[in-house]
Amino acid sequence: MRVSLHQTWRARHPIFTLRPARRVFIHFRSFVPGADAVQDNGVMRHTHSLRGAAWVVGYLVFVLAPLFALLTGAVGPARDFWTEFSAALGYAGLAMMGLQFGLTARFRWVTEPWGEDVLYHLHRQLSLVAVALVIAHPVILFMVRPELLDLLNFVDAPWRARFAALSMASLLVLLATSLWRARLRIRYETWHHLHVVLAVAAVVTGLLHMVGWGFYLTDPWKRALWIALTVFWIGLLVHVRVIRPLFMLRKPYTVTEVRAERGDTTTLRMEPDGHDGFRFVPGQFGWLTVWGSPFGITGHPFSFSNSAETGDGSVEMSIRRLGDFSGRVGEIPVGRRVYVDGPYGAFTIGHPADMHVLIAGGVGITPMMSIVRTLADRHDDRPVVLLYGATDWESITFREELDEVAGRLALNTVHVLTDPPSGWDGEQGFITADVLRRHVAPPYGEHEYFICGPPPMMDAMEAALRELDVPMSKYHSERYSFA
């Protein structure tokens, strides 16, 4: 399952850290038709960087402007610093919680500059910040005003305090189920439903607490402002769950082939039913809905694995058996009507380079196959090196096709096996910096690198490329797991 978390800007900036020892770089993609650009993409890159910067500023405005608005008009009697500070944290935390709906709303004009996987990882990290701010609000109050501890008596407390307790409880359950979903053995679909319900409950009850307390919302226009913001936030959710599915309902796809691949992988070929489909760039992905209508709350993100040059609107997704949904993909019958929401992602080719170096591990081969097939169909004459990590010889997905494509493309595939067969004289173990040096010729900084696979491999490759003085604009990572 996709988690590209994974995306591409020519001037990649490590502006935030998503987890320890792992940098995530923001990429801006330039759409380039046909073969990789020979033309100047400077204007497009500049436009995308401006859009990205505008969204950062816009996010800060949406978080801080409502907070500053509370300081205008009628204001209650002055209180001590810590009480006011705790109130500010609560308001800011609620604003950040509401904007989380926007980060996952799949607006292409938002996702294009960043890449959807980066936004989902940012969504996760900002959620932690928002929860921390909201929790700090009552903790500080209880410390400076111990008499407020009586409000913890849910039965006797006024409704404004009960709403605060309900909001806090929703947040804590949401946080626990998100961080420890696997340990709690919660199915992805169940978790997704619960996640949405708890998020809405936390925001709505948080707003009711604010209005009920009313210290800063004595002016009707202030209450109207925060109510309007909440309606806007919920509207973003409605866009994803109602409006967008309405458009998808009019553009279904039909499964025309279910193909078993090596490595416990199944490829679905889907053709547009009554419409022209959409164009995608190799490396992008879509959200797939198989069982149920597009109004179902759970879609599953998978990379497109076919060439972007098919011309008939068809798409293929090659899905490895890894979880509840992916384990049932082989059961999908030919003729099944499905829905594909896409394309998304910026883990794509389209930049000047003398060579493409593709580094894949396990299921990370899927977007690489789309790149390889597309370059072959475009008769691109530049060399391509594919470093492909797999368990053993029989589990190498697309093994035979990679041999065939080598006849149409200057492709050098290097298999790296953790459990090689007897007599194997190729690379074994894991893809490391030494493997990279043995099979990729200098000058390293002139090549374009794409990395997708298990996090340890990706961390090692990014570190190795930095050691080789490869500019950050030249390597692009895609990480898996939106949940």
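Predicted model: local features only at pLDDT ≥ 70, side-chain atom pairs only at ≥ 80, totals over all residues.
I started at the cap of helix 2: aspartate 80 sits at the N-terminal end, with a side-chain oxygen 3.2 Å from the backbone nitrogen of tryptophan 82.

Next I checked the length of helix 2, residues 81-103. At 1.5 Å a residue its 23 residues should span 33 Å, and the end C-alpha atoms are 33 Å apart, so the two agree. I also looked up burial, and helix 2 is mostly covered, with 18 of its 23 residues buried.

I traced an open sheet of six strands in the order 12-11-10-9-13-14. Its edges are strand 12 (427-428) and strand 14 (475-478), each pairing on one side only. I found helix 9 (residues 365-377) packed on this sheet, touching strands 9, 10, 11, 13 and 14, and its direction makes about 150° with that of strand 9. Inside the sheet, strand 9 (residues 356-361) pairs with strand 13 (residues 448-452) over five bridges, in the parallel sense. Isoleucine 359 stands opposite isoleucine 451 there. I also followed helix 12 (residues 455-467), which lies across strands 9, 13 and 14 and runs at about 160° to strand 13.

I picked out strand 5 (residues 285-289) and strand 8 (residues 337-344), which pair in the antiparallel sense over four bridges. In that pair, leucine 288 stands opposite valine 340 of strand 8.

Key:
Residues numbered from 1 in each chain as written. Heavy atoms only, no water. Pairing = 2+ DSSP bridges. Helix = DSSP H or I, 4+ residues; strand = E, 2+ residues; numbered from the N terminus. Contact = heavy atoms within 4.5 Å. Axes fitted to C-alpha atoms, helices over the stretch in contact; angles between N-to-C directions. Expected span 1.5 Å × (residues − 1). Buried < 20%, exposed > 50% of the residue type's maximum accessible area, 1.4 Å probe, protein only. Polar contact = N/O pair within 3.5 Å; in protein donor to acceptor, adjacent residues only side chain to side chain.
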